[in-house]
Structure formats: C-alpha cells, structure tokens
Amino acid sequence: MGVLLKCLQALYSLYALIIWLAIMFLILPPIVLVSFLGKVKGGNIVFYFLRFWAHVWFPAVGIIVKKKWLSPRTSEPCIYLANHSSYLDAALAVKVMPLPFRPLGKSELSKIPLFGLIYSRSVVPVDRKTAKSRAQSMRDMLYMIRKNVSLLIFPEGTTNETEQPLLPFHSGAFRIAVETQTQIRPVLYVDNHARLAKIKFMSLNPGPCRVVFLPPVPVAGLTMEDVPQLKKQVRQMMEEELRKYRNYPALQVI
C-alpha cells in the first residue's frame, strides 16, 4: 500500500507541474509584450495574466481556495503582511490578493535577461546593500503606493518550519508602513504548509487553502518610536487568529 501511495503521489505531483508549466508557457508571450508598458500599467496587466494562471491551476490540481474577510475591503492602498510557511504562498497571493499589488523582491533578479524585465514589473525591487540603494527602494515603494498599488510583505523574512504559528517578525515592514503612513492589513495563509511543505514538491496534495484577511491596522501619526509596539500588536493579532484554525503548541512570549 505504501508503494502504491508513493506512486500516486508522484503522478499527482508530475501532473501538477505539467499543468503549471503549460499555463505559464501559454501566458508568457503576452506577459513579455505588456511588460514594456511600464512598471505601473504594464505590471498591473502582468498580474491579470498571472491571476488567470492561478485561477486555472489551483482548481485543476484540486486545491480549493476560500477567502474570509473579517472587516470590509477598502479601496485605498495598504501594506499586506502575510505569514510565510510554504513556497505555495507566492502563488496563492497572485490568486487572492486584491489588485493592484506588488510583493517586495530582491533587486538582483531584475538583471536576468528577459525574466528580469517581467520580474521588475511584478515586484518592488529591494536592495539593502547601501544607504543609496535602500533610499531608492523606499522611493519605489512610495511611488507604488501613490499610484494606488498596495505592497505585500512577509515580515518573518523566511518560511516558517517550526511548530509555532509564526516566527519573530523583522521591523522592516513596520518601518515602511510608518515612513509611508500606509495602513497595515494582516493576512493569514492557514493551510499552505499542509498543502506543500518547504522544498518538498512531492508533498503537494489537494485540499483546502483558507485565506483570512484581518481588520486593517492604522498607522497615521505613528513615528519610528512606535515601531516595536506596532510590530508586537500585529504579530499578536495574527497569532491569535491562526490559533483559531489550527492546533499549535502553547503560546510563546516574544
């Protein structure tokens, strides 16, 4: 029975990969074309093609996505902060995050031929090597927000492979929120790790993927001195809500 299950898992994973690549190759030519329309207009259109891919791929592989809003959606741009537990997170973001939005991404990937053009339109490139590059990254974020484009940041900084619901948060996302005076909207990916564990493509399996949008957290009037308390407040909100959906070990004090 174990061998049979492994064979079925391998066939399912291969099927999921083929569907993934087939849709990507289908939408790649128009994505390349619209990428020349600029970072805002072109990037926004790129995400509609990527959303088409996500809307086809997830149901095709039996992953049922369900969204839950704990307060009404608003039209103004915000900074979405999501937990990070799986490589599936980025793909799910394309499907569920309100458009237009941009995730933060490493600026060095923008230098790759062809891919770099598409990548630079799909993310806000971030380079922390020097004060000058950090300042440029901040200007890029401000530019997107002023163009009514939201940002998506994973405050844990890496995928969470622990038994706890969240890793400690970095301060960067909260500094950005305060510096740009942009409200924070916490987002929870409840089941992504259960659908796909880190660096284990063969662990991909069908089932639910619940996404919970928490109430927005205003930052108007806050200063850098408020960042530690803001970070603590948002992390506590996210952890308490995650514990309503899954069983975790006892609460850690951070």
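A residue counts as buried when its relative accessible area is under 20%. The model is predicted. F169 has a relative accessibility of 8% and therefore counts as buried.

**Aromatic pairs**

A pair of aromatic rings is described by the distance of the centres and the angle of the planes. The model holds eight aromatic pairs. Two of the stacked pairs are set out below; planes under 30 degrees apart count as stacked.

| Pair | Centre to centre | Angle between planes |
|---|---|---|
| W53 and W57 | 5.9 Å | 15° |
| F169 and F174 | 6.1 Å | 20° |

W53 and W57 are both part of helix α2 and sit four residues apart, about one turn of the helix. W53 is buried because its relative accessibility is 2%, and W57 is likewise buried, with a relative accessible area of 2%. Ring pairs also connect these two residues with W20 and F58, giving a cluster of W20, W53, W57 and F58. In the other pair, F174 has a relative accessible area of 0% and so is buried.

**Helix α2 against helix α3**

Helix α2 spans residues 41–60 and helix α3 residues 88–96; their axes come within 8 Å and cross at roughly 110°. Angles of 65 to 115 degrees count as roughly perpendicular, and α2 and α3 are therefore roughly perpendicular to each other. On the α2 side the contact is made by F47, L50, R51, W53, A54, H55, W57 and F58, and on the α3 side by L88, A91, L92, A93, V94, K95 and V96. By class, the residues of this contact are 12 nonpolar, one polar and two charged.

**Helix α6 and its cover**

F174 belongs to helix α6 (residues 172–180), where A173, F174, I176, A177, V178 and T180 are buried. The elements covering the buried residues of α6 include the strands β2 (79–82), β3 (101–106), β5 (150–153) and β6 (184–189), along with the helices α5 (131–146) and α8 (227–242). Just after α6, Q181 adopts a positive phi of about 55°.

Conventions. Residues numbered from 1 in each chain as written. Predicted model: local features only at pLDDT ≥ 70, side-chain atom pairs only at ≥ 80, totals over all residues. Heavy atoms only, no water. Axes fitted to C-alpha atoms, helices over the stretch in contact; angles between N-to-C directions. Helix = DSSP H or I, 4+ residues; strand = E, 2+ residues; numbered from the N terminus. Parallel < 35°, antiparallel > 145°, perpendicular 65-115°, else oblique. Contact = heavy atoms within 4.5 Å. Nonpolar A, V, L, I, M, F, W, Y, C, P; charged D, E, K, R; others polar. Buried < 20%, exposed > 50% of the residue type's maximum accessible area, 1.4 Å probe, protein only. Phe/Tyr/Trp six-rings, centres within 6.5 Å; stacked < 30°, edge-to-face > 60°.
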